[in-house]
Amino acid sequence: MPDKIFHMRMGDLSKRSGVSRYSIHHYLRLGLLPEPHRKNRTMAYYGDEHLERLKLIKNLRSQGFTLYVIQQMLSQ
């Protein structure tokens, strides 16, 4: 299995996903997103896995699902 590639910083991830930085941080706190690769305390890198997960969350939110329900769905 190849190593995961982390190539985006928070700003890049936010632009590509259409999800605000605030929401991304919130989803990280809730455990909806996997932890990023941390370079240091203030710098982290994200990969395609994060982008795809954000697209899924955004789609589910647009369908009316709450974050609690999404959290339950993703934990299965």
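Contact here means heavy atoms within 4.5 Å. Helices (H or I, at least four residues) and strands (E, at least two) are DSSP runs, numbered from the N terminus. The model is a predicted one, in which local features need pLDDT of at least 70 and side-chain atom pairs count only at pLDDT 80 or more, while totals for chains, interfaces and linings use all residues. Residues are numbered from 1 along each chain as its sequence is written, and side-chain values use heavy atoms, with hydrogens and water left out.

**Stop 1: helix H2**

Select residues 21-30, which make up helix H2. Ile24, Tyr27 and Leu28 are buried here (buried is under 20% relative accessible area, exposed over 50%, partly exposed in between, with a 1.4 Å probe and protein chains only). These residues lie on the same side of H2, because they cover an arc of only 100 degrees around the axis; the arc is taken over the directions from the helix axis to the C-beta atoms. Now colour Tyr22 and Arg29: both are exposed, on the other side of H2. To see what covers the buried residues of H2, display H1, E3, H3 and helix H4 (67-74), which are among the covering elements.

Arg21 also belongs to H2. It is partly exposed, at a relative accessible area of 49%. Not counting residues up to four places away in sequence, Arg21 touches Met10, Gly11 and Ser14. Just past the end of H2, Gly31 has a positive phi of about 85 degrees.

**Stop 2: helix H1**

Move to residues 10-17, helix H1, where Met10, Gly11, Leu13, Ser14 and Ser17 are buried. Their arc around the axis is only 165 degrees, which puts them on the same side of H1. The cover over these residues includes strand E1 (6-8), helix H2, strand E3 (44-47) and helix H3 (48-62).

**Stop 3**

Show the strands next. Three of them form an open sheet in the order E1-E3-E2, with antiparallel pairing (two strands pair if DSSP finds at least two bridges between them). E1 and strand E2 (37-38) are the edge strands, each pairing on one side only. Between E1 and E3 there are two bridges, in the antiparallel sense. Which residue of E3 is the bridge partner of Met8? It is Tyr46.

Keep Tyr46 selected. Apart from neighbours within four places in sequence, its contacts are Phe6, His7, Met8, Arg9, Met10, Leu13, Leu28 and Pro36. With H1 back on display, this helix lies across E1 and E3 and runs at about 70 degrees to E1; axes are lines fitted to C-alpha atoms, for helices over the stretch in contact, and angles run from 0 to 180 degrees between N-to-C directions.

**Stop 4: the core**

A nonpolar core is a set of buried Ala, Val, Leu, Ile, Met, Phe, Trp, Tyr and Cys residues joined through side-chain atoms within 4.5 Å. The largest one has 17 residues, of which Leu13, Ile24, Tyr27, Leu33, Tyr46 and Leu54 touch the most other members. H1, H2, E3, H3 and H4 each give two or more residues to this core. H3 supplies the largest share, four residues.

Now pick His50 in helix H3. Is this side chain's residue buried or exposed? His50 is buried, at a relative accessible area of 0%. Leaving aside neighbours within four places in sequence, His50 is in contact with Phe6, Leu13, Leu33, Pro34, Glu35 and Pro36.

**Stop 5: the salt bridges**

How many salt bridges does the structure hold? There are two, a salt bridge being a side-chain nitrogen of Lys or Arg within 4 Å of a carboxyl oxygen of Asp or Glu.

Select Glu35 and Arg38 for one of them, with 3.7 Å from N to O. Glu35 is exposed, at 52% relative accessible area, and Arg38 is partly exposed, at 44%.

Then select Glu52 and Lys55, whose closest N and O atoms are 3.9 Å apart. These two residues are three apart in helix H3, so about one helical turn separates them. Both ends are partly exposed: Glu52 has a relative accessible area of 47%, and Lys55 has 42%.
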